[in-house]
Amino acid sequence: MTFSKTTLALAIACTLCGTAHQAVAADPAKPFTVLTGAWSNRALDPDQRSALLLAQMTQDEKLKLVISHFGSDFEPKGTKKHPKALPHSAAYVEGVPRLGIPDLFETDAGIGVATQGSGKAAPRERTALPSGLGTAATWNRELALQGGAMIGAEARASGFNVMLAGGVNLQREPRNGRNFEYAGEDPLLAGTMVGLQIKGIQSNHIVSTLKHFAVNSQETGRFVLDARLDDAGARMSDLLALQFAMEVGDPGSVMCAYNRVNGVYACESNYLLKEVLKQDWGFKGYVMSDWGAVHSTVAAANSGLDQQSGWEFDASQYFGGALREAVENGAVAQSRLDDMVKRILRALYATGVMDHPVAEGGAIDYAAHALVSRSDAEEAMVLLKNSKKLLPLNANVRKIVVIGAHADVGVLSGGGSSQVYPVGGMAVQGLEPSSWPGPVVYFPSSPLAHIRAQAPKADVTFHDGRDAKAAARLAAGADVVLVFADQWIGEANDARSLSLPNNQDALIAAVAGANPNTAVVLLTGGPVTMPWLDQVGAVLAAWYPGSSGGEAIARVLFGVVNPSGRLPATFPAAESQLPRPLLDGDRENEHKRFSVNYFEGASVGYKWFDAKGLTPLFPFGYGLSYTSFGYSDLKSEVKGGNLHVSFKVSNKGSVAGKEVAQIYVAPVKGGWEAPKRLGGWDKVDLAPGQTKQLSLVVDPRLLAMFDSKSKRWRVAAGQYEVMLAQHAGDTQASRVTVSLPKRTLDARGKDVK
Ligand code: BGC
């Protein structure tokens, strides 16, 4: 049933006809009455219901909704945790019981239900997905959706109705400590995968965020740094990833970032919040701040911030008494406060938080969720090298030596607010840092135990790798050596360089020197360099593989699963190839202001490498399989104004496998920020000898340049090349050309007549 504007006006006029219902109060000592009325009518849309409910609210009630209280036992600056916040949570917002507006319980993040550190209560054990970068490496849309649905179900069962997931900061800086929470360097891949994760989370009738808005590309100096990036460059890169994710996932909330963008703090940036997000893209949900990212009342409120998060982290309760006063004296219009509240209510209606209240203590099917995480981890793994078919390992292999990275007991995860406390507890105790952004957590999924399970007759020995010479001596006598190497990064903790830490490069070189049948398994937050690459037989990038990581690794190593991950980000050969060979800022002096000049604009990742003619260690989109694939019949045509592409993919080998066919597009006469862009992809499962026909449509924004002045996407008329490739560096790509007519689109990508 749809409501006309007149019916809505009548309904609003009738707000006082609400009915009082005695409800069961959470605290029996304080019974309250829930007023129901036209806003309770599920046939109305979220805009109508939120408008009706807003009209019922007092100023005090409105002001409660626009501020959240930090939820963990860590109590900054002598503040006290709100007594109703759930243990180890990110925040709590007081609801309005008399109107049925629920309390909001907020938890991080995109890998699973996190446990904020320094808790007095027993930590929550939850299922962890592989890192966000790992999920992006699957290039499998279904897995992104399923993973989101799984962690959202755990959030709901834990009593949370807001999940602070949806991290999609584009990987501009391969040393960024939070790359593992994000989805790589390409706007289409990252935006699509994160958007689907958000959709999966919200399918549980809870809100997911999309974060961090925007250009929060490194952790060093994140509270103060000024990210300088021109509008057109941003709209075709960082902002485009966020825009795609918003369109696909329809998040209830967007979290603004810590940093400044072109001189202004992101959470008080009129340009970012009001102009780009709400006006140009039409975002209808609410903007919440990051924790400690608010610096003002009037500027923030008038620029589009709708909710101050974890106010204890800011210098003041900017959206508390100060906002009340600002509204009273007219510095912030009453209509702006009403808009903040309406946006929050709208998100609660749109996602189902209002109609499907959460409760703590729901059942979690850990066994089923471990399998969801395992499927994701298995498809995330990228086989980077496999000479002489070292992998897959034969189950009859006699002597295997496993070395390093605590592979006897578990797999590493990334640090900071997204940290999930694993089912079964921490596999390794006592590692530093033990406090923020630590503790360093290894999930108890032992690669060694699962390798033994795959090769029950083999002699499998473990060495911790601390003594490289001793490890090499042990390796010399083995049929196969598996060296595990890892790199712990996290929030507030950028990688110091792209080299593996703790002398692991020397360990791998020593072991591979003693035995060329060495396969390296990398557990890293992002790209690393590999000075030993020529010496080893195989390399498998396993990222942070999550709760079932050890099992997933063993299944890929032994060929139970054919690897099908592809790099979601370029692996540089050296830091000197990067736009900023040295990371800007001073990690020892986090409050010293500085700016980072993103002069490369939209030329991020493979686009930068292409534009500069640089050869990376491994290109974006790269990954091997235990089988081989062939492409044929590439065709492209313009239908209904859109570029349609079709092609065939065949499995030419003797085992089943999944291929990620990538379509890149480029204007023949050049003129873009880079020689080519990813225009689309499909992942296809093929039996040996099987061929499938695939087709896709290229989003017109990927064929356009953004014109800041007119806020239009402009596709220039002319010849375009369409390439069918296995990765961004594929010199064997098939190519066809197609003629595109001139096309103009608005900021949302809709045709302008
Ligand atoms: C992080 C956010 C997170 C928030 C709440 C901040 O430090 O940047 O991503 O959601 O904390 O824990």
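This is a predicted model: local features need pLDDT of at least 70, side-chain atom pairs count only at pLDDT 80 or more; totals for chains, interfaces and linings use all residues.

Me: Which residue in strand 9 does Leu 210 stand opposite?

Reply: Leu 210 faces Val 254 there.

Me: And how does strand 9 pair with strand 12?

Reply: Strand 9 and strand 12 (residues 286–289) pair in the parallel sense, again over four bridges. Look for Cys 256: its bridge partner in strand 12 is Ser 289.

Me: Which residues of strand 9 sit on which side?

Reply: Here's the general idea: side chains in a regular strand alternate between the two faces of the sheet. In strand 9 (residues 253–256), Ser 253 and Met 255 are on one side, with Val 254 and Cys 256 on the other. All four are buried, and both faces of the strand are covered.

Me: Where are the cis peptide bonds you wanted to show me?

Reply: One joins Lys 211 and His 212, with omega about -5 degrees. His 212 lies in strand 7. Another runs from Leu 391 to Pro 392, with omega near 0 degrees. Pro 392 is in the loop between strand 13 (382–386) and strand 14 (399–403).

Me: What about phi of Asn 503 and Lys 711?

Reply: Asn 503 has phi near 60 degrees, a positive value in a residue other than glycine. For Lys 711, also not glycine, phi is positive too, near 55 degrees.

Me: Is Lys 711 buried or exposed?

Reply: Lys 711 has a relative accessible area of 18%, and under 20% means buried, so Lys 711 is buried. Asn 503, at 65%, is exposed because the cut-off is over 50%.

Definitions and conventions
Residues are numbered from 1 along each chain as its sequence is written. Side-chain values use heavy atoms; hydrogens and water are left out. Buried means under 20% relative accessible area, exposed over 50%, partly exposed in between (1.4 Å probe, protein chains only). Helices (H or I, at least four residues) and strands (E, at least two) are DSSP runs, numbered from the N terminus. Two strands pair if DSSP finds at least two bridges between them.
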